[in-house]
Amino acid sequence: MSKVTVLGGGGWAIALAKVLNENGHNVTLWSALEREVEALTKERENKVGLPGVKIPEKIKITNDIKEAVKDSKMIVMAVASSFVRSTSELLKDIVPDGQIIVDVAKGIEDGTFYTMTEVIEDVIPTVNAVVLSGPSHAEEVGLQVPTAVVVGAKTFETASFVQRLFSNDYFRAYTSPDRKSIELGGSLKNVIALAAGIADGLGYGDNTEAALMTRGIKEITQLGVAMGGHSRTFHGLSGIGDLIVTCGSKHSRNRRAGILIGKGYTLDEAVKEVNMVVEGAVSAKAALELAHKYNVDMPLVESVNQVLFENKPAKEAMRDIMKRDLTHEFPDLVWE
Ligand SMILES: NC(=O)c1ccc[n+]([C@@H]2O[C@H](COP(=O)([O-])OP(=O)(O)OC[C@H]3O[C@@H](n4cnc5c(N)ncnc54)[C@H](O)[C@@H]3O)[C@@H](O)[C@H]2O)c1
């Protein structure tokens, strides 16, 4: 039995804390928000983030970061991605060299365009930063619905250590050395989920959404490969797997925000209505900057940015996408 720590008090933090507790580990859950800690301690449930899933009594809940991470074999970073840097700052002087920190937050940092493990390593260069990602809604993991994810780490030893801590008969973790592509897939699919939601909000159908998903993963893969990733990872659990679950699900906040935008809401109005961080909006900006930097053509990402940040009507953006110059599906395939 190992001591493990989960940072965050949202739905994903709770679902993963529960998995680790059910696997027999000694779990401490920490949140920076005193009010959240009080509510979680009193109600043993996050009534907004993960209603209906009780936090087992054995899980300790605290607001004290030092106590939370002391002697921890693995720290899981499950705060919203915009707080990964500030939370890493809190850990900076209190975790030992080589500390395993598993990031599960999905996003690309505004300004630096770092992935979340890069943010953690930027603040604490001596840690062993790992990513766990894949098609995994907290709402389903919390109910023990069979789920598969992938763990990306710098060494096989670390990846398999984290794999074993998490895996059980309903939560199956695979390992991979391709940390960067796993993180890019997990963040950038949120941009395509916004696009799929927008199409839904405009009243379009399954054809449109399938086209957006297929062409979307192609854009993401091209960018990822240009940034040094492996194309196969984008066709795995953290790429196409996560794209499918996010674009097709009622649980996805990015998709829900997209639907509202398709119906005519502005980004701010949609975010207010969804009442959760819509990480795809930050990732959309980052993706566009990265596309320019790496000279990759990303028409869908560009259109999403125009709708979100330049007030381009969604219907017009969709029409412009359809009316681009006709081309091959795969330009590298040659005619006999
Ligand atoms: N919910 C899911 O199904 C799911 C699945 C996979 C990955 N994720 C990712 O996990 C991360 C957490 O998602 P979530 O759904 O649990 O909730 P969320 O993104 O709404 O995060 C909320 C949590 O962030 C923390 N937080 C808020 N303000 C903070 C602050 N000032 N300082 C430090 N921490 C603060 C709080 O603990 C809060 O409960 C996100 O990056 C999300 O993309 C979520």
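Guide: The largest cavity is lined by 13 residues, with Ala195, Ile198, Ser303, Ala317 and Met318 nearest its centre. The model is predicted: local features need pLDDT of at least 70 and side-chain atom pairs pLDDT 80 or more, while totals for chains, interfaces and linings use all residues. Residues are numbered from 1 along each chain as its sequence is written, and side-chain values use heavy atoms, without hydrogens and water.

Visitor: Why is a space called a cavity, and what makes a residue part of its lining?

Guide: On a 1 Å grid over the protein atoms alone, a cavity is a set of points where a 1.4 Å probe fits but cannot get out, and a lining residue has an atom within 4 Å of a point. The structure holds 2 cavities of 30 Å³ or more.

Visitor: What makes the lining residues of the largest cavity nonpolar, polar or charged?

Guide: Ala, Val, Leu, Ile, Met, Phe, Trp, Tyr, Cys and Pro count as nonpolar, Asp, Glu, Lys and Arg as charged, and the others, Gly among them, as polar. On that basis the lining has 12 nonpolar, 1 polar and no charged residues.

Visitor: How do you know that the second largest cavity lies between domain 1 and domain 2?

Guide: Domain bounds come from an automatic or database domain assignment. Domain 1 (3-177) and domain 2 (181-322) both give residues to the lining of the second largest cavity, so this cavity lies between them. Among its 13 lining residues, Asp103, Ala105, Lys106, Val131 and Glu183 lie nearest the centre.

Definitions and conventions
1 Å grid on protein atoms, 1.4 Å probe; cavity = no way out; pocket = protein on both sides within 12 Å on 5 of 7 lines; lining within 4 Å. Points joined across faces, edges and corners; volume = space filled by probe spheres on them.
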